[in-house]
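Please keep the sequence and the structure in view while reading.

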Amino acid sequence: MLYGRAGETAQLEELLAKARQGHSGALVVRGEAGIGKSGLLDHTARHAAAHHMRLLQATGIEAESELPFAGLHLLLHRVTDRIDDLPEPQAKALRAALGLAPGAQAADRFLIGLAVLTLLADLADPASPTSPTSPTGPSAPSTSTAKPAASLLCLIDDAHWLDQASADALLFAARRLAAEGVVMVFAARDAHAPPFPAQGLPELRLTGLDDEAAGELLAEHAGDLPGYVREQIRSESGGNPLALRELPAAQREGHIPAYSYHLSSLPRHSRLLRTFADRIAGLPQATRTLLVIAAAEGTGDLAVTAAAAGKLGATVTDLEPAERKELLSLDGGRLAFRHPLIRAAAYQSAPVGDRIAAHRALADALPCVGNIDRRAWHLAAATTEPDEYVAGILEQTAEHARARGGYAAVAAACERAAQLSPDGTHRARRLALAASAAADAGQNERAAELALRAAPHLTDPAVLAQLAQVRAAVAREQGRLDASYSVLLDTAAEIAPHTPGTAAFMAYEAMTSAWLSGHRQSIDEISHRIAGLDLGAPQGALPYLPAAQGLARLAAGDPRGGLPPLRALFDSLRAERHERGHTLRERVSIASWFSPLGDLETGNELAAELDRECREQGALGPLPLVLLLRTRARIFLGRHGCALAGAAEGLRIAQDTGQPHYAGQLSGVLAYLAALDGDEERCCELAAKGDLRQVMPGQVWGGIAIAMLELGLGRYEAALRAYEDVAASPSGHTIVVLYCVPDRVEAAVRTGQGASVRELAEVFAEWAGHTGTAWAAALAARCRALLAPETEAGPAYEEALALHTDDGRPFERARTELLFGEWLRRAGRRSEARKPLRSALDTFELLASPPWAERARAELRATGESRARHTGDTAPLERLTPQERQVVRLASTGMTNRDIGAQLFLSPRTVGYHLYNAYPKLGVASRGELARMEFRDQEDQDAVSGTGTGRSTVSASS
């Protein structure tokens with residue numbers, strides 16, 4: 001019985017009730033050791049079984065915390081027959097992760113998470129084949145034979161002991177639960193255990209029982225003790241249920257006196273461990289030997305434990321004294337410690353020699369077939385000095401983990417192998433492997449530390465280059481761009497005589513980091529050092545070195561000299577776009593230069609192709625950057641609704657994959673879109689409004705979002721100050737800021753400060769001329785019109801509008817029409833002004849940009865023509881959420897819910913939920929009607945992922 005947990009049980013029971021109605025949820029239960037987390041999970045399991053919910057249960061095992069996907073296998077081992085029902089890429093990834101497809105190539109770790117999500121959703125479906133309803137733990141309630149409800153409960157106890165790969169997959173699935181009828185509950189220890197970060201999931205923190213509940217628990221477990229002893233235990237226990245149960249037993253056995261226990265003078269965890277250790281110390285030697293072996297083995301495998309015990313002179317019958325004291329039991333053929341702290345005490349209280357002997361005996365006892373990983377870790381634990389044999393089999397273990405996609409396990413195995421390596425060369429190589437794997441696992445700080453330890457002892461150019469890229473990527477993610485380009489360039493110089501192609505790419509990457517940093521002196525220094533490398537043109541390499549020098553010239557204000565080499569690199573990517581001869585990372589880096597070239601359409605197309613490739617491969621790691629590039633292109637092209645959907649998805653994935661740098665940029669992009677909507681509160685929240693002069697490189701979107709908000713709302717002085725602050729920031733030289741020059745010119749002219757931006761407008765015009773793009777030339781003409789004497793602006797506006805005709809940027813065309821209409825009205829030509837103002841208003845309304853539409857409406861009213869605010873039904877997609885837009889577009893092409901889910905990293909049931917909500921908003925009653933609808937916005941029709949969700953009109957087709 002649970003005492004004092006009425007509120008907590010009610011919260012969990014409410015989650016289960018919602019799941020039975022088709023809603024999903026997740027919860028992390030946290031608290032110190034012995035606080036009652038497992039008891040709460042057991043109660044939840046019994047409640048679920050009573051309501052015929054399907055149930056999966058697993059417990060993290062410390063001994064398997066370095067074995068990739070061990071925890072996931074424990075949770076799913078009874079339902080692996082359902083993997084074949086998943087979409088093939090997901091099924092393939094999950095089979096590889098669980099070791100069901102030997103030799104299969106490792107998949108992206110988050111594709112495995114998507115497979116878990118889809119599998120759990122399938123298991124929650126009442127129409128799916130019957131699954132077991134009883135959990136796998138010793139406290140499992142009886143199996144019900146009633147028909148299961150449309151719901152599933154997953155309980156993961158001791159989640160802090162989950163291997164990293166399992167934790168990543170399960171948390172990825174938990175964050176995406178929506179309408180599957182699935183509940184996931186994790187229990188994790190607060191202290192004296194590895195951390196279990198679960199950002200984005202709600203938490204329930206357990207504290208000690210109140211005096212009344214503690215008294216009730218003591219009455220059940222210590223009714224034979226004198227009242228003053230019970231009161232002392234209650235007072236000193238801090239309400240910890242484990243202490244309330246175990247201290248009476250220890251007192252009866254004479255291990256603690258019946259006076260002050262002084263529990264408050266030490267961490268309660270340490271005191272409880274000592275209590276258990278004292279009780280274990282009173283057991284016979286053979287029993288203690290068997291306990292330390294069982295603790296070291298960790299999984300409860302009786303056969304292996306017994307075999308190892310036999311090598312050290314103990315037998316299974318020696319368990320009896322420990323069973324009588326309720327320290328350990330035999331349950332279903334497996335050994336089970338009654339509480340994790342008992343196992344910890346059994347292991348930690350044993351002498352070091354006994355622990356080493358236990359691990360060596362376990363390594364000898366494990367069958368060779370199928371146990372190489374566990375044997376390797378036991379041997380490593382039993383080895384106290386360098387040993388190449390043990391280091392070698394640990395490296396084999398790392399390769400097994402790599403094949404399954406368990407990169408955290410690879411890092412752990414390689415690091416330990418390095419520690420055991422007698423030879424310095426092998427040690428450095430293994431450290432390098434560990435660093436690379438840690439980076440792949442998202443453990444950036446650990447990766448940087450391992451790389452730093454390995455680098456001074458390496459000579460292999462390929463390994464040096466790999467390590468340098470790891471260190472540079474980590475530094476870039478942390479905002480230390482100077483460290484990023486320094487390590488890249490230093491390594492490029494070191495390996496240039498041996499691998500000039502790799503050195504050229506690293507030099508280009510160094511210049512890219514310097515460009516982002518905005519440090520002109522560093523850019524110039526890198527340019528001189530690259531010239532000194534004398535790499536020439538490596539055979540078969542892309543023109544990286546000329547592109548790097550082009551960036552330096554562009555930073556120096558020389559678009560004539562800077563753009564052509566960048567164009568050559570960009571065109572080389574376009575030429576090989578279907579061959580994929582270079583890595584995904586290289587192609588993403590090259591595609592990002594569409595903006596200085598002004599080639600927005602091609603940039604959008606390349607980003608769409610990279611988007612498709614990431615989704616086909618399940619490569620979520622680079623996807624946030626790809627979605628950022630695609631979103632930027634869509635914003636520049638005026639496709640704001642599409643940009644909103646892509647940015648929202650990119651932000652969600654960046655947060656899931658632990659990429660705060662890209663999450664920050666995508667938040668800034670969403671702030672910019674909120675500014676276009678006139679949503680001041682959301683814009684400021686996303687932009688984290690502060691001193692815009694301190695905008696970090698790469699975070700410039702938040703700054704220009706605030707400026708655009710002020711400009712759209714007609715607060716020109718505030719807009720000008722914001723643009724000036726961004727221009728003065730480390731990001732002031734970037735192309736994004738250059739794109740804002742026409743906005744800054746407008747704000748300056750409106751405040752009577754046009755003279756201050758004339759030189760800036762000339763810089764923009766020079767750049768626009770060298771891009772050769774009509775849209776840039778149109779904006780340059782608009783700037784000339786704004787800065788021209790009032791009586792001479794007309795021809796420049798007309799030139800701008802002529803250039804806008806086919807430039808593909810409707811929002812900017814509408815802004816030029818608005819300014820031209822204002823000029824015509826001021827010139828007394830009111831009837832002529834109405835045509836551009838009507839066109840501008842139509843466009844702003846179609847693009848759902850209220851502040852700009854209101855400005856056009858006010859100007860039109862000033863000409864004597866009134867136009868009511870748009871309230872019609874011309875854009876039903878506007879009523880959909882970004883997620884619903886994505887789903888509807890894909891569904892209209894005939895894709896199934898399962899296929900849509902695979903594209904958007906959602907469960908099929910959540911896809912169905914979004915469709916169900918979208919139908920009434922679109923005025924349709926079935927999926928079939930979607931196929932007969934025409935989504936008139938044709939942007940991104942070539943987009944494979946289908947995530948182009950522009951603010952479009954929809955009409956029934958004839």
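The structure is a predicted model, in which local features need pLDDT of at least 70 and side-chain atom pairs count only at pLDDT 80 or more, while totals for chains, interfaces and linings use all residues. Residues are numbered from 1 along each chain as its sequence is written, and side-chain values use heavy atoms, with hydrogens and water left out.

**Nonpolar cores**

- In soluble globular proteins, nonpolar side chains tend to be buried together.
- A nonpolar core is here a set of buried Ala, Val, Leu, Ile, Met, Phe, Trp, Tyr and Cys residues joined through side-chain atoms within 4.5 Å. Buried means under 20% relative accessible area, exposed means over 50%, and partly exposed lies in between (1.4 Å probe, protein chains only).
- The largest nonpolar core has 228 residues, and the members that touch the most others are Leu72, Leu94, Leu120, Met184, Phe186 and Phe196.
- A second, separate core contains 48 residues, among them Ile280, Leu291, Ala294 and Ala309.
- Contact means heavy atoms within 4.5 Å. When residues up to four places away in sequence are not counted, Leu72 touches Leu94, Leu98, Ile112, Val116, Ser166, Ala169 and Leu170.

**Cysteines**

- A disulfide is a covalent bond between the sulfur atoms of two cysteines. The rule applied here is a pair of cysteine sulfur atoms within 2.5 Å.
- A search of the whole structure finds 0 disulfides.
- The closest cysteine sulfur to that of Cys683 belongs to Cys684, and at 5.3 Å it is too far for a bond.
- Cys683 is buried, with a relative accessible area of 0%, and Cys783 is also buried, at 1%.

**Salt bridges**

- A salt bridge is a side-chain nitrogen of Lys or Arg within 4 Å of a carboxyl oxygen of Asp or Glu. The count by this rule is 50.
- Helices (H or I, at least four residues) and strands (E, at least two) are DSSP runs, numbered from the N terminus.
- Arg567 and Asp599 form another salt bridge, at 3.2 Å from N to O. Arg567 is partly exposed at 23% relative accessible area, whereas Asp599 is buried at 14%.
- The closest N and O atoms of Arg825 and Glu859 are 2.7 Å apart, and the two residues form a salt bridge. Arg825 is in helix H41 (residues 810–826) and Glu859 is in helix H43 (residues 850–862), so the pair ties together parts that are 34 residues apart in sequence. Arg825 is partly exposed, at 25% relative accessibility, while Glu859 is buried, at 13%.
- A network of salt bridges links Asp743, Glu746, Arg750, Arg782, Arg809, Glu812, Arg815, Glu822 and Arg855.

**Aromatic rings**

- Rings of Phe, Tyr and Trp (its six-membered ring) pair if their centres lie within 6.5 Å; planes under 30 degrees apart count as stacked, over 60 as edge-to-face and the rest as tilted.
- The structure holds 19 aromatic pairs. In one of them, the ring centres of Tyr797 and Trp823 are 6.4 Å apart and the planes lie at 45 degrees, so the pair is tilted.
- Tyr797 is buried at 3% relative accessible area, and Trp823 is buried at 7%.
- Ring pairs join Phe636, Tyr672, Trp701, Tyr739, Phe764, Trp767 and Trp775 into a cluster.
- A charge sits over a ring if NZ of Lys or CZ of Arg is within 6 Å of the ring centre and within 35 degrees of the ring normal. The charged end of Arg176 sits over the ring of Phe172, 4.0 Å from its centre, and Arg809 lies over the face of Trp775, 4.4 Å from the ring centre.

**Backbone**

- Most residues other than glycine have a negative phi.
- Ala848 has a positive phi of about 55 degrees, and Phe905 has a positive phi near 60 degrees.
- Phe905 is in the loop between helix H45 (897–904) and helix H46 (908–922), and is buried at 1% relative accessibility.
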